[in-house]
Amino acid sequence: MTVHTAAASAREEALAILKRLGVSDTAFASTGLAARSPVTGEIIAHIREAGAAETRAAVDRAEKAFAEWRRVPAPRRGEFVRLLGEELRAAKEDLGLLVTLEAGKIVSEGLGEVQEMIDICDFAVGLSRQLYGLTIATERPHHRMMETWHPLGPVGVITAFNFPVAVWSWNAALAFICGDPVIWKPSEKTPLAALAVTAITERAAKRFGGVPEGLFELIIGGREAGEALVADERVPLVSATGSTAMGRKVGPKLAERFARAILELGGNNAAVVAPSAVLDIALRAIAFAAMGTAGQRCTTLRRLIVHSSVYDKLVPRLAKVYGNVAIGDPRVKGTLVGPLIDKAAFDGMEKALAEAKSLGATVHGGGRVAGIGGEEAYYARPALVEMPGQSGPMLRETFAPILYVVKYDTFEEAIALHNSVGAGLSSSIFTLDMREAERFVSAEGSDCGIANVNIGPSGAEIGGAFGGEKETGGGREAGSDAWKAYMRRATNTINYGTALPLAQGVTFDVDA
Ligand code: NAD
């Protein structure tokens, strides 16, 4: 194991970045929500928390902004998002490093997250000229039937700590071009990245020549602020990203008031390694998907289902990679695994490993790595866990770098193991057998929202619709036609004739 110790104060570096990005000191307070860096464990700043009253006030402003913004032509709204993309390009290095300092991602992943924001802005700009509706054949003479898409209203966006900036942009870039204001409630663990993104968006708004006040609102706070947003009748759509436990609370509340929900919840993602897999490719893909972001991606690979004929060739090599991986300060070149977000995450990892051992598992790795950062910085060795069967902690998501491995003998057995967990986010198969690959992505294969062949389950591009089934919540955001969730569809029928024929041959003749 290679250990990279903490390079310098994360606090000083983060404060300097915030200043450069235009976050004013007035955002900070002497008490309130503590923004802590998982890299060194230092508190970077305190921020005043918004409560229910501030959330209502933000929705007031967003509601007013909606009345104006929906009248702006969509391609013009796209121009605002184009400028946002430009500002993000200019801020990429600083914002990426801030993500590293506040969420603990290695530098290339922090930068990658900002690149994702830029990509979705580009995508949304093009889309702003493509919000197409259909023209539909009508059964009535001299009639025309068509679909039109209209702005929906203020969109609530609740985000998780592990993608502190990209998830906002997946939602916001689409919402803005669709004509909707956005009220953002970021994770209480990553408020600084949200402040920085808001300052960057303000610059884009200024260059645009001003946008209605309330077009982009930020509510810094915890669960209560999120609950107030979810409860507000004036918010017709809430896109909530986080744990399945959070979704179980938020989903019914939105359903109760007939609001739309985009739920992007937990994953328990698996990969199948078949007899014909190219093991060199599988090994690299597995290492990135399972250990990258210190196992804290919703798409992190958590379960490996390996054919018994290749198990002894793959698993010892994988154990070696786990033993050698560079762990430490994510700012240091060469580090591949940074810190866990906090003590609760580390405790959760320890608990899951203890449970796996009690079930007879062989655990390679695991445990705290001392000497990096302060007492409040939690670095863990990724764990590779050979399980006697799929049970216990393997059936649920533990948000830490644990990869459980089991054997299979028949393809049917692999699919059954694959699909028999609660979550349904992402999946992959490593095989050169065309029949296996096609079956895996067919209706009888993986039951996930994302199913890949010969790549791992993580690291999606924005062009596809992102999201998963079952306990992952069923939401889709980012690419493809995900934009439709942010708009209201109207079906219009226009009579340009001189008579009034009714559909389905109904007659209703009155003396007129
Ligand atoms: P979390 O559920 O603890 O918090 C997520 C957000 O929900 C936070 O902003 C939090 O304040 C808010 N929240 C919590 N309870 C709420 C409530 N009752 N009402 C309104 N808001 C509430 O999740 P986390 O620890 O920040 O993130 C990790 C989890 O997120 C993992 O389960 C991961 O798989 C999931 N995740 C999913 C996706 C996806 O796209 N499917 C993406 C990233 C993360």
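The report below goes through a sheet and its helices, the nonpolar cores, a helix pair and some strand pairings. Please keep in mind that this is a predicted model.

## A sheet and its helices

Let us begin with an open sheet of seven strands, in the order β15-β16-β17-β13-β12-β19-β20 and with mixed pairing. At its edges are β15 (362-365) and β20 (450-453), each of which pairs on one side only. From one strand to the next, the twist averages 20°.

Within this sheet, β13 (residues 301-307) runs parallel to β17 (residues 402-408), and five bridges link the two strands. To find one such link, look at Arg303, whose bridge partner in β17 is Tyr404.

Helix α10 (residues 308-324) packs on the sheet, where it touches β12 (269-273), β13, β15, β16 (383-386) and β17. The direction of α10 makes about 145° with that of β13. Helix α12 (residues 411-419) lies across β12, β13, β17 and β19 (426-430), and it runs at about 150° to β17.

In soluble globular proteins, nonpolar side chains tend to be buried together. Here the largest nonpolar core has 79 residues, and those with the most contacts inside it are Phe28, Phe80, Leu95, Trp168 and Phe176. Helix α3 (residues 74-103) gives the most to this core, namely twelve residues.

Which residues surround Phe80, once its neighbours within four places in sequence are left aside? Phe80 is in contact with Trp69, Phe176, Thr201, Ala204, Ala205, Phe208, Val211, Leu215 and Phe216. Another core, of 66 residues, lies apart from the largest one and has Ala287, Ala380, Leu384 and Ile415 among its members.

## Helices α1 and α3

Helix α3 also packs with helix α1 (residues 10-20), at an angle of about 145° and with the axes 10 Å apart. The crossing of α1 past α3 is left-handed. On the α1 side, the residues that take part are Ala10, Glu13, Ala14, Ile17, Leu18 and Arg20, and they meet Asp94, Leu97, Leu98 and Leu101 of α3. Of the residues in this contact, seven are nonpolar, none is polar and three are charged.

## Strand pairings elsewhere

Strands of a sheet pair through backbone hydrogen bonds, either parallel or antiparallel.

| Strands | Sense | Bridges |
|---|---|---|
| β2 (residues 28-29) and β4 (residues 43-47) | antiparallel | two bridges |
| β3 (residues 33-36) and β4 | antiparallel | four bridges |
| β7 (residues 155-158) and β10 | parallel | four bridges |
| β10 and β11 (residues 260-264) | parallel | five bridges |

Ile47 in β4 is a bridge partner of Phe28 and also of Leu33. Strands β3 and β4 form a hairpin with six residues between them, and Gly41 in its turn has a positive phi of about 85°.

Now turn to strand β10 (residues 237-241): all five of its five residues are buried, so the strand is largely enclosed by the rest of the structure. In a regular strand the side chains alternate between the two faces of the sheet. In β10 both faces are covered, with Leu237, Ser239 and Thr241 buried on one side and Val238 and Ala240 buried on the other.

Methods:
Residues are numbered from 1 along each chain as its sequence is written. This is a predicted model: local features need pLDDT of at least 70, side-chain atom pairs count only at pLDDT 80 or more; totals for chains, interfaces and linings use all residues. Side-chain values use heavy atoms; hydrogens and water are left out. Two strands pair if DSSP finds at least two bridges between them. Axes are lines fitted to C-alpha atoms, for helices over the stretch in contact, and angles run from 0 to 180 degrees between N-to-C directions. Contact means heavy atoms within 4.5 Å. A nonpolar core is a set of buried Ala, Val, Leu, Ile, Met, Phe, Trp, Tyr and Cys residues joined through side-chain atoms within 4.5 Å. Buried means under 20% relative accessible area, exposed over 50%, partly exposed in between (1.4 Å probe, protein chains only). A crossing is left-handed if the near helix is turned anticlockwise from the far one by less than a right angle, and right-handed if clockwise. Ala, Val, Leu, Ile, Met, Phe, Trp, Tyr, Cys and Pro count as nonpolar, Asp, Glu, Lys and Arg as charged, and the others, Gly among them, as polar.
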